[in-house]
Amino acid sequence: MGTILRGGKIVTNEKTYNSNIRIDGEKIVAIGSDIEVSGDEIVDVTGSYILPGGIDTHTHFDLDNGATMTADSFATGTKAAIAGGTTTVLDFATQSKGKSLADGLKEWHIKADNKSYSDYGFHMAITDWNDSVRDEMDDMIYEGVSSFKMYMAYKNLKVEDDVIYEALKKSEEIGGIIGFHCENGEVIDELISEARENGHLSPRYHPLTRPAILEAEATSRLMKIAEVAKSKVYVVHLSCKESLEEVKKAESRGVDVVVESCPQYLVLDEERYFEDGFEGAKYVMSPPLRDKSNNEILWKAIADGDIDTIGTDHCSFNFKGQKELGKDDFSKIPNGGPGVEHRIKLLYTYGVCKDKITMNQLVDVVSTNPAKIFGMYPEKGAIEVGSDADITVLDPNIKDVIKAEMQVQNVDYTPYEDFEVDCVISRVYLRGTEVVKDGKVISNSPNGEYVKRRQAKGAK
């Protein structure tokens, strides 16, 4: 017995059309008007959009930052993901200093396997480069980890320019792609030290010590290294005009660049850091929120195709007890914020409904492009016969308000508190199984599977 989704409007990255979908087992088996088989369950989704399940390119679940553990484990984080219409997440397995990439991958499999409500894959974060690690990158491809990450900031994580060059050359050779956290970590560390020495300890000094120009400097430097290495490169969580300009200049010179941004840089701005008391700590993330003018610039960049993916950088810490670790010193506030649950609704409400992007562009940046870039297409990121039946039903006829007390995310606040949204995620199917119904998670056990990905591809 199959399932028929009837009466909805199918949205892909290229077209929007009215049709029915038949699911049988884990796959989409038919799309059309006369596809019902005797015994099929009929699900009426008239008036709703049918989207390919979302893919979040950037999450941090079950992460120990050295002082505390994220509020969301893989269990709670992936449950929040499916509640928000995201059926696959790409989290960051991380190599510890002195350890191998295999050690890092094993650790993350232990965290995620048999605990995840969505499907999941891993990027491999490289923090300790040597010849053995270079050789291990081949092994990662074999294990289905076709993407990597390096940091240009944070003393315990960042790598030097020569390592970036070597890693990019190796990545290009094996068909991988490396994402980079672009900030000039050394200068930022000096700015933080100066602020602390001058008694500037409140959250408002977080953005002042991580200015946009230092994100742009690192982005520019990365672009030039990638150009010399003749390698494609991925910029994660781009937040500002200055960095976007560096990317566009590089692309004009022929550099193959893929760009990710996040909802927080589209709908929030740096004024949040100036809220009364310690409230600004809720928005301490890196890069920080920027001047409001950047919101419109980034929306236009999505519309123009200059931004390829929208991840969330979901890295949740409770306001009480965790963010408060830095109540007397902003530099000790755990970096990160929650968002995996609200991404699609925010993009629909503040992008599509405001005529900043189209529905097809929404699908492109939250699903299809991520699937193509990270070796999962067309099994993921597509509504096609033969694709996984990862399907998100978005109902634009019901409005809602985001409230922390109502969210699935296991964290005591949301940066989007009281944001009105012009839709609900009414139903979600993960490989053919209904996991969200009438806007509520109905999956009683984690049935997410590890996605063994192929070599990365460009989206452009």
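**View 1. Pro378 sits in the loop that links helix H12 (359-373) to strand S16 (391-395).** This and every other view shows a predicted model, in which local features need pLDDT of at least 70, side-chain atom pairs count only at pLDDT 80 or more, and totals for chains, interfaces and linings use all residues. Residues are numbered from 1 along each chain as its sequence is written, and side-chain values use heavy atoms, leaving out hydrogens and water. Helices (H or I, at least four residues) and strands (E, at least two) are DSSP runs, numbered from the N terminus.

**View 2. A cis peptide bond joins Ser286 to Pro287.** Omega for this bond is near 0°. Pro287 belongs to the loop between helix H9 (264-267) and helix H10 (293-303). As background, most peptide bonds are trans.

**View 3. Asp355 and Asp438 each have a positive phi.** For Asp355, phi is near 60°, and the residue is placed in the loop between helix H11 (343-352) and H12. For Asp438, phi is near 55°; this residue is found in the loop between strand S20 (433-437) and strand S21 (440-441). Are these side chains buried or exposed? Asp355 counts as exposed, at 71% relative accessibility, and so does Asp438, at 61%. Here buried means under 20% relative accessible area, exposed over 50%, and partly exposed in between (1.4 Å probe, protein chains only).

**View 4. Helices H3 (residues 131-142) and H4 (residues 161-174) cross at roughly 35°.** Their axes come within 10 Å, and the crossing is right-handed. Axes are lines fitted to C-alpha atoms, for helices over the stretch in contact, with angles from 0 to 180 degrees between N-to-C directions. Right-handed means that the near helix is turned clockwise from the far one by less than a right angle, and left-handed anticlockwise. To find the contact, follow Arg134, Met137, Asp138 and Ile141 of H3 to where they meet Glu166, Ala167, Lys170, Ser171 and Ile174 of H4. By class, this contact has four nonpolar, one polar and four charged residues. Ala, Val, Leu, Ile, Met, Phe, Trp, Tyr, Cys and Pro count as nonpolar, Asp, Glu, Lys and Arg as charged, and the others, Gly among them, as polar.

**View 5. Ile178 is a buried residue of strand S12 (residues 177-181).** Its relative accessibility is 0%. Which residues surround this isoleucine, leaving aside its neighbours within four places in sequence? Ile178 is in contact (heavy atoms within 4.5 Å) with Met137, Phe148, Lys149, Met150, Ala167, Leu168, Ser171, Val233 and Tyr234. Among these partners, Met137 is also part of H3, while Ala167 and Ser171 are also part of H4. Ile178 and Ala371 lie 193 residues apart in sequence, and their C-alpha atoms are 16 Å apart in space.

**View 6. Cys182 and Cys315 are both buried cysteines.** Cys182 has 2% relative accessibility, and Cys315 has a relative accessible area of 6%. A search of the whole structure finds zero disulfides.

Terms used
A disulfide is a pair of cysteine sulfur atoms within 2.5 Å.
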